[in-house]
Amino acid sequence: NDNCGTVFQTYATCELLKQCGHEVSVLNLTDRSYIKELCSLKGILRALTIIKFALFRKKYFSNLTRQISRLSDFKQFDADYIVVGSDQVWNKSVTKSLFKDYFLVSVPDNIQRISLASSFAGDSWKEQDSDTNEISEALHKFVAVSVREDSGVLICNQVFNIPATQLVDPTLALGDFTCFISRNLKERN
């Protein structure tokens, strides 16, 4: 998504994994439903935002995949693990048509799944039974599930019958963003 929170959480997650000695790639899962609105004035401003974040990704996400509109479109799973997280990735009102992709429903069974500080961004599970069953099946394939909120731990335990650990937002865990502070600002301090 093209907002500072999402991009910095992705950056922080990648940096934390690299600090643990892992090679990291970012799946560039993109909701393209905004394309029609780009012809309006609001759309032009959105296009500028999209470009700004695309340049950031190109600079700071060294192994960024090509854009894909569905996780099932990505055929080159050459990884031992796939990690999903964090902010509101399990909130259908945010992820919309990509909702099930963030539960990794179409990831091949030979790849281990991990949730890193994923967030439902709500106190309860409000989805339909058919979604609940499919997502429960997907979550039971995860080797580790961590969520950001107390309510997320309860949802995992009570709705999906899986254990979950509560972890802090990756940006707080990383804590060091000095590389984004301009040299002029550093020199003033």
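Guide: What follows starts with the pocket and then turns to its surroundings.

This is a predicted model, in which local features need pLDDT of at least 70 and side-chain atom pairs count only at pLDDT 80 or more, while totals for chains, interfaces and linings use all residues. Residues are numbered from 1 along each chain as its sequence is written, and side-chain values use heavy atoms, with hydrogens and water left out.

The second largest pocket holds about 160 Å³ of space. A pocket here is an open set of points on a 1 Å grid over the protein atoms alone, where a 1.4 Å probe fits, with protein on both sides within 12 Å along at least five of seven lines; lining residues have an atom within 4 Å of a point. The volume is the space filled by probe spheres set on the points, which are joined across faces, edges and corners.

The lining includes Trp90, Phe99, Phe120, Gly122 and Trp125. By class it has 5 nonpolar, 4 polar and 3 charged residues. Nonpolar covers Ala, Val, Leu, Ile, Met, Phe, Trp, Tyr, Cys and Pro; charged covers Asp, Glu, Lys and Arg; the others, Gly among them, are polar.

Two of the lining residues, Trp90 and Phe120, also touch the most other members of the largest nonpolar core, which has 27 residues. Such a core is a set of buried Ala, Val, Leu, Ile, Met, Phe, Trp, Tyr and Cys residues joined through side-chain atoms within 4.5 Å. Buried means under 20% relative accessible area, exposed over 50%, and partly exposed in between (1.4 Å probe, protein chains only). The elements giving two or more residues to this core are β3 (81-84), α4 (129-139), β5 (142-147) and α5 (150-158). Helices (H or I, at least four residues) and strands (E, at least two) are DSSP runs, numbered from the N terminus.

Leaving out residues up to four places away in sequence, the contacts of Trp90 include Val84, Phe99, Phe120, Leu139 and Val147. Contact means heavy atoms within 4.5 Å.

Gly122, another lining residue, is touched by Ser151, as is Asp123, again not counting residues up to four places away in sequence. Ser151 lies in helix α5 and counts as buried because its relative accessibility is 14%.
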